[in-house]
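Here is a briefing on one protein model. Please look over the sequence and the structure first.

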Amino acid sequence: MITFVVSLVALVLGYFVYGRFVERVFGPDDRPTPAVAKADGVDFMVLPGWKIFMIQFLNIAGTGPIFGAIMGAMFGPAAYLWIVLGCIFAGATHDYLSGMLSVRNGGINQPEIIGRFLGKTTKQVMLVFSVFLLMMVGTVFVFSPAKILGDMWEPSFVTESVGQYTFWIVIIFIYYLIATLMPIDKIIGRFYPLFAFSLLFMAAALLVMLCVKWPDIPELWEGLPCEAFDARSVFPCLFITIACGAISGFHATQSPLMARCMKSEKQGRPIFYGAMITEGVVALIWATVAMFFFYDQPEAGYLTIEKGRIVAENGLVGPVKDAPTIVTLISKDWLLTFGGILALLGVVAAPITSGDTALRSARLIIADFVHLEQRTIRKRLYICVPMFAAVIALLVWQMGDAKGFNMIWSWFGWSNQTLSVFMLWAITVYLVQQKKPYVITLIPALFMTVVCTTYLITQQLFSLDTMWTTGIAIATLIISAILFFRWYNNYKQSK
C-alpha cells in the first residue's frame with residue numbers, strides 16, 4: 001500500500017507541477033473560443049466549466065480505467081509505474097495539447113489536427129482509422145452492458161423469437177441514435193455529469209475501504225513483474241492493456257466535443273489535463289483493489305469473498321479473471337447493496353455513454369470530411385443511418401463468431417494506442433514549428449511507437465518470444481528517432 005499512496009500523491013503533484021508547465025508551453029490566451037465564435041445550438045455552445053469537466057471525464061473514462069486497470073494489475077506492481085508515469089508525462093500531456101489544438105483551430109476534429117501537421121495523406125488515413133475505431137467502440141460498448149442487463153432480466157418472448165440479449169441491444173441502439181442526434185446540452189450535458197459523479201463516488205468509496213483494510217499487496221521494491229495471473233510479457237502487453245488511466249488515443253477523438261463548449265482557453269488545464277489525472281486516480285484505485293483480489297497476503301482477496309473463486313478446468317481453484325465480474329464481486333462485498341447499484345452504473349451506464357459519444361464524434365468527423373452542416377436533424381440522419389447500419393453489421397458478426405468479441409477487443413486495444421502515436425507525432429511537429437520544447441511529446445511519441453509496433457508484430461500478427469520482442473523494439477526506436485531528426489534537420493534548414 002505504500003506504493004499506492006506514493007503513486008496517488010505523485011498524480012496530484014503531477015497536475016499542479018507538470019500540468020502547469022505543459023500549460024505554459026502551450027500558452028492559452030483570451031481569444032474567442034469556438035463555442036463563442038461558431039455557436040450553433042447543437043455542437044458549438046458554451047457550457048459551465050464544471051459540467052464540461054464531468055462530461056470530458058466520463059467521455060474519456062467509461063469503463064477503461066476500471067477494466068484496463070484490473071487486467072493490468074495481473075502483471076503486478078509494474079502497473080503502478082505505467083499509470084503514474086504514463087498519465088502525467090504521456091496521457092495528460094496528450095489530452096491537454098490535442099484538446100487545446102482543437103480549441104485554437106476552431107474546434108476541429110482529431111483527423112484534421114493530425115492532417116494539419118503530418119500532411120493530407122496522413123489525414124485521410126487517420127480519418128478512416130478514427131471512424132473505424134469509433135465504430136468499434138460503439139460495438140464493444142453495446143454487447144457488454146446488453147449481456148449484463150440480459151442476464152438480469154429480458155422479455156422471454158423476445159429471447160425466444162430473436163435471440164438472447166437482442167432486446168437490450170435494440171434499446172441501447174435506440175438510445176445511441178437519440179443521443180447522437182440531439183444537441184449536446186439535451187442529454188449529454190444534462191445526465192452525463194450524474195454518471196461521472198457515480199464513477200467518482202464509487203472510486204472514493206473504494207479508496208476509503210482500501211485505507212480501512214490496508215491490504216498486504218506487492219510493492220515496487222519487491223520486483224516489477226508478478227505474472228502469476230497473466231502469462232504474457234509485461235512489455236509490450238501492459239502498455240496496451242492499461243490505456244485509459246495512462247494514455248489513450250480515443251481521448252483525442254472526444255476532446256473536440258468539449259473544445260466546442262469552452263468559454264475560455266484558460267479552462268483547458270482543469271478540463272483536459274485534470275480529467276486525465278482524475279482518470280489516472282480512478283485507475284490507480286482499481287489497480288490496487290485488483291492487487292488485493294489477486295495478491296493480498298496471507299490469503300488472496302478472492303478467497304475471502306463469497307462466490308469469489310471458481311474451479312478451473314484442470315481442477316485447481318483460481319480467481320475470477322474477467323473484469324466485469326470482479327467489479328461486481330468487490331463492489332457488493334465492500335459496498336453492500338449501494339455498492340451493487342454503483343457497480344451497475346459503472347459496468348452498464350459508463351460503456352453506454354462512451355459508446356454514444358464515440359458515435360457522436362464519428363458523425364462530426366464524417367460531417368467535416370464531406371462538408372455537411374449539422375444544424376438540421378435531417379442532415380445528421382444522412383450520416384447516422386449508414387454509420388449505425390455498419391455498426392450493427394459489425395455487432396452481428398461479433399455475436400455470430402465465438403471469438404468475435406475477443407478479436408475486436410484486441411484490435412481495438414492496438415488501434416486505440418496507435419491513434420495516440422499519430423497524435424503525439426502531430427503535436428511534436430506543432431511544438432517544433434512554434435519553437436517550443438518539443439521533447440515533452442517526442443519521448444512519449446517514440447515510446448508509444450515502439451510499444452504499438454512491437455505489439456502488432458509479436459502479439460497480433462505473430463507469436464514471437466522475448467528475443468524477437470527486444471530486437472523489434474530496439475530497431476523501431478532507432479528507425480523512428482532517425483526519421484524524426486532527419487525531418488527536423490530538413491525543417492530547420494528550410495527556415
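Predicted model: local features only at pLDDT ≥ 70, side-chain atom pairs only at ≥ 80, totals over all residues.

Residues are numbered from 1 along each chain as its sequence is written, and side-chain values use heavy atoms, with hydrogens and water left out.

**Second largest pocket**

- The second largest pocket has a volume of about 390 Å³.
- Its lining has 20 residues, and Lys-38, Phe-44, Arg-260, Asp-368 and Leu-372 are the closest to the centre.
- Two elements give two or more residues to this lining: helix H8 (120-152) and helix H15 (323-370).
- H15 gives the most, with 4 residues.
- The lining divides by class into 6 nonpolar, 5 polar and 9 charged residues.
- A pocket is an open set of points on a 1 Å grid over the protein atoms alone, with protein on both sides within 12 Å along at least five of seven lines; lining residues have an atom within 4 Å of a point.
- Grid points are joined across faces, edges and corners, and a volume is the space filled by probe spheres set on the points.
- Ala, Val, Leu, Ile, Met, Phe, Trp, Tyr, Cys and Pro count as nonpolar, Asp, Glu, Lys and Arg as charged, and the others, Gly among them, as polar.
- Helices are DSSP runs (H or I, at least four residues), numbered from the N terminus.

**Cavity**

- The count comes to 1 cavity of 30 Å³ or more, a cavity being a set of points where a 1.4 Å probe fits but cannot get out.
- The largest cavity holds about 30 Å³ of space.
- Its lining consists of Asn-109, Pro-111, Glu-112, Lys-123, Leu-127, Ile-365 and Asp-368.
- Helix H7 (110-118), H8 and H15 each give two or more residues to that lining.
- By class, the lining has 3 nonpolar, 1 polar and 3 charged residues.

**Helices H1 and H6**

- Helix H1 (residues 2-16) packs against helix H6 (residues 78-104) at an angle of about 5°, with axes 10 Å apart.
- H1 and H6 are therefore roughly parallel (angles under 35 degrees).
- In the contact (heavy atoms within 4.5 Å), H1 supplies Thr-3, Phe-4, Ser-7, Ala-10, Leu-11 and Gly-14, and H6 supplies Tyr-80, Ile-83, Val-84, Cys-87 and Ile-88.
- These contact residues comprise 8 nonpolar, 3 polar and no charged.
- Axes are lines fitted to C-alpha atoms, for helices over the stretch in contact, and angles run from 0 to 180 degrees between N-to-C directions.

**Ile-474**

- Ile-474 lies in helix H19 (residues 466-494).
- Ile-474 counts as partly exposed because its relative accessibility is 47% (partly exposed lies between buried, under 20%, and exposed, over 50%, with a 1.4 Å probe and protein chains only).
- Ile-474 and Gly-413 are 61 residues apart in sequence and 22 Å apart in space, C-alpha to C-alpha.

Terms used: Parallel < 35°, antiparallel > 145°, perpendicular 65-115°, else oblique.
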